[in-house]
Amino acid sequence: AKRLESYQEIDSEDEDSADRQCGSLTHMSKWQGHNCRAVNESLNRKSLNQLSDSYPALGREDGTGDVRHSGRVAFSSPIETDVIPDTELLEKFSQISSHSYRQSEEASSKLALETMYITDFFLALAICNTVVVSVPNQPRQKMRLSSLGRMPIKSLEEIRQMFQRLSVRRLSSSPLPTVKESSESPNSFVRKLSIFRMKLASPALDGDAERAAEPHSADSPENPQVPQELDTMNVAAGCEHNSAASCIELSSSPKLCYEAESPDEAALVHAARAYKCILESRTPDQVTVDFAGLGSLTFQILHILPFDSVRKRMSVVVRHPVSNKVVVYTKGADSVMMDLLRTASEGTNNSEVEQKKIKERTQKHLDDYARRGLRTLCIAKKVLSDAEYAEWLNNHFLAETSIENREELLLESAIRLETELTLLGATGIEDRLQEGVPDTIQALRKAGIKIWMLTGDKRETAVNIAYACKLLEPDDRIFTLKSQSRDACALVMSKILEGIQKNTSAKKKPSHKLGNVSASPSTQAPGFSAGLVIDGRTLEHVLHDSLQNIFLELTEKCQAVVCCRATPLQKSVLVRLVRNKLKAVTLAVGDGANDVSMIQVADTGVGISGQEGMQAVMASDFAISQFRHLRKLLLVHGHWCYTRLTNMVLYFFYKNVAYVNLLFWYQFFCGFSGTSMTDYWILILFNLLFTSLPPIIYGVLDKDVSAEILMQLPQLYMMSQKSVAYLTSAFWITLLDAFYQSLVCFFVPYFTYYGSDIDIFSFGNPINTAALFIILFHLLIECKSVTWIHTVVIVGSILFYFVFTLAFGATCKTFNPRSNPYWIMEKHMTDPVFYLVCLLTICVALLPR
């Protein structure tokens with residue numbers, strides 16, 4: 001199970017905001033750890049949580065915010081876009097200017113560092129993403145990873161085709177400079193490479209975009225005024241297609257709509273917007289941000305390293321228009337980001353010492369966020385010189401154009417860039433549960449379904465969400481499996497098993513006389529419930545062949561299993577392990593792209609459509625809009641589907657055995673010559689037309705229990721788990737009943753007409769007619785819910801049989817007097833013995849049933 005968001009639940013969390021201040025860098029780091037929390041909920045007039053213990057930075061009041069949602073949002077559920085920022089922090093933003101920002105880069109005072117960290121933190125929130133910006137009167141700006149530095153090349157043939165198509169053969173004659181050459185003139189090398197990528201991948205850029213890109217390539221440290229002039233040019237170029245009034249409105253109060261691949265990115269962009277750091281536009285090669293105090297800044301996008309499950313982070317490399325330096329903004333999971341930060345050693349300057357303090361304080365706040373169930377991210381940056389960037393870009397270009405081990409080389413190149421980072425802050429995003437999630441989890445557990453929670457969140461966050469959705473109860477015994485080696489993992493699992501067995505035996509002794517009232521999905525004793533929590537690093541050891549059996553034995557004794565920090569590959573491996581080893585029917589539920597592999601591996605995949613996109617829905621067998629609908633899908637439709645399929649299978653066995661045996665019994669009286677006492681037309685159409693539609697209606701509309709009762713009593717779902725309806729005994733009883741009915745249907749007419757001079761078809765006509773009524777009335781007896789549709793179909797089948805036989809007997813005449821079907825049904829319709837034989841046969845045949 002995966003945690004899901006709820007946008008209708010009233011937030012009643014009340015946080016203390018007594019004596020925290022924001023006057024120094026130390027306090028600023030505390031704010032950055034607490035106050036960048038984006039809350040996802042519906043656009044109603046309910047109050048939001050305070051962002052942290054110190055600032056009510058996210059809230060909602062009537063009439064606040066100027067964001068309007070359009071129909072182009074990339075996810076169906078709306079998120080909170082009206083944010084009330086902290087007034088004290090906004091006052092600091094108003095004091096930030098281009099001059100003060102340049103001074104803060106060289107100054108070492110706490111105030112200057114604080115100013116730079118505030119600016120870079122919110123710039124990272126607005127830039128380090130793939131959010132697409134659109135305005136009501138303009139088409140949306142497509143975010144395409146189109147440059148050579150962002151679009152991996154798979155083969156040399158593709159490179160050759162690109163050169164031919166774009167007519168840039170002059171660039172192919174000049175090889176890439178070596179690292180030594182780039183160190184001599186790094187700025188020129190970066191400038192050439194950036195132009196090469198831009199022209200190679202985006203030949204169809206309009207004139208405005210090309211004019212906006214060229215001055216960036218001409219930037220130099222000796223000309224600091226160029227970036228400012230360029231900003232003005234880019235703003236004017238972006239508004240060229242609109243009127244002057246619309247440009248003024250866009251600059252003063254832009255009506256922007258953000259479309260994101262995930263709600264997390266949209267929430268962070270909206271949080272930055274609330275603090276006057278507004279993402280205005282994004283193109284494949286540049287992004288424009290309107291920042292308070294600094295004006296409209298246009299960043300040249302040099303490279304994008306997208307998020308992947310191995311690195312657990314993404315990075316954006318840009319050229320800062322104010323400092324004219326190459327800056328790497330990175331955001332990712334705190335478990336990996338903390339290890340990539342720049343460490344302070346003895347004899348270092350004050351900034352690195354402050355970074356160490358910030359790291360310690362931020363880690364405390366991250367742990368507190370996780371205990372509250374928030375999704376945490378760390379934001380960091382790294383400033384590169386032109387020589388360092390040119391050296392890295394040269395190696396990265398070689399990795400992209402490599403034919404062998406290309407993925408490994410790209411991963412190494414990304415890791416090489418994302419080191420020695422400077423921590424800017426942390427964010428906590430509240431991923432609220434949808435309405436009805438706890439009730440759904442409880443109902444599924446009562447139904448005997450074992451639930452595992454596979455998530456990429458850290459342990460504290462996952463446990464908090466498990467408690468919130470009632471996957472774990474307050475009185476559950478929680479066992480945490482965390483070890484650094486395989487042997488230690490095996491030892492810990494053995495000790496946990498021993499502890500569970502001792503508690504189980506202790507609980508079973510006083511209550512063994514009570515009996516098994518209701519089946520339990522695990523082997524736990526009544527009154528004792530255990531939950532297992534395991535992290536992603538330990539999963540690597542657990543999934544080894546030598547530890548799989550003991551791990552599965554441990555999970556069988558636990559009521560719930562929570563796997564945190566799990567990668568998409570680990571999720572799929574766990575589902576496959578449970579399906580193959582435990583021989584269990586698995587169902588995987590997910591709403592994001594990281595759940596696709598798990599959904600595809602499971603026996604049944606359920607995708608939830610919403611803010612995470614449509615990848616999970618497209619890969620699933622069933623699609624639902626909210627997690628609470630899973631309860632009805634399983635407990636109601638799952639139960640009905642099982643009983644319908646079971647009864648359909650039994651009925652088809654019964655119908656064929658009962659009718660075919662009529663021909664078998666006749667062979668004893670015709671010398672096993674294969675002769676039939678029914679005309680071949682009626683014999684063929686009996687299964688094809690006369691008795692085909694009623695079983696289909698039976699299998700589609702039959703309801704043994706109403707939906708209301710199934711929702712109120714989830715325990716009824718255990719019937720399908722135990723295969724109560726399709727037991728071996730039920731199968732053989734059905735076959736015996738079919739044999740009995742065929743005997744009655746054949747021998748009652750046989751003894752009635754014994755010694756008479758009727759022909760073969762006259763003898764077979766009452767047998768065939770009685771068999772039709774017996775098979776249809778048998779179906780009517782088995783139906784648990786008879787509707788007007790059942791009545792119409794059964795009556796229609798009987799009428800169609802008589803109409804066909806009467807028409808067939810009146811038109812089809814042969815010259816064989818011993819087997820002539822001519823006028824047989826017409827004669828029997830006037831014979832009282834025919835009605836008596838059919839009535840007696842039907843009653844005797846259906847009496848046991």
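Modeller: Helices (H or I, at least four residues) and strands (E, at least two) are DSSP runs, numbered from the N terminus. The model is predicted, so local features need pLDDT of at least 70 and side-chain atom pairs count only at pLDDT 80 or more, while totals for chains, interfaces and linings use all residues. Residues are numbered from 1 along each chain as its sequence is written, and side-chain values use heavy atoms, with hydrogens and water left out.

Biologist: Which helix gives the largest share of the nonpolar patch?

Modeller: The patch on the surface is formed by Tyr-680, Ile-684, Leu-688, Leu-689 and Phe-800. Of these residues, Leu-689 has its place in helix α26. The largest share, 4 residues, comes from helix α26 (residues 680-690).

Biologist: Is Asp-595 buried or exposed?

Modeller: UniProt, in an unreviewed entry, lists Asp-591 and Asp-595 for "binding site", although such annotations may be inferred rather than shown by experiment. Asp-595 lies in the loop between β14 and α23. Buried means under 20% relative accessible area, exposed over 50% and partly exposed in between, with a 1.4 Å probe and protein chains only. Because its relative accessibility is 0%, Asp-595 counts as buried.

Biologist: How many Å apart in space are Leu-377 and Ala-333, C-alpha to C-alpha?

Modeller: Leu-377 lies in strand β8 (residues 374-384). Not counting residues up to four places away in sequence, Leu-377 touches several residues, among them Ala-333, where contact means heavy atoms within 4.5 Å. Leu-377 and Ala-333 are 44 residues apart in sequence, and their C-alpha to C-alpha distance in space is 5.1 Å.

Conventions:
Patches are made of residues with over 30% relative accessible area and no salt bridge: like charges are joined within 9 Å, nonpolar side chains (Val, Leu, Ile, Met, Phe, Trp, Tyr) within 5 Å. Accessible areas come from the Shrake-Rupley method with a 1.4 Å probe; for residues, only the protein chains shown count as cover. A salt bridge is a side-chain nitrogen of Lys or Arg within 4 Å of a carboxyl oxygen of Asp or Glu.
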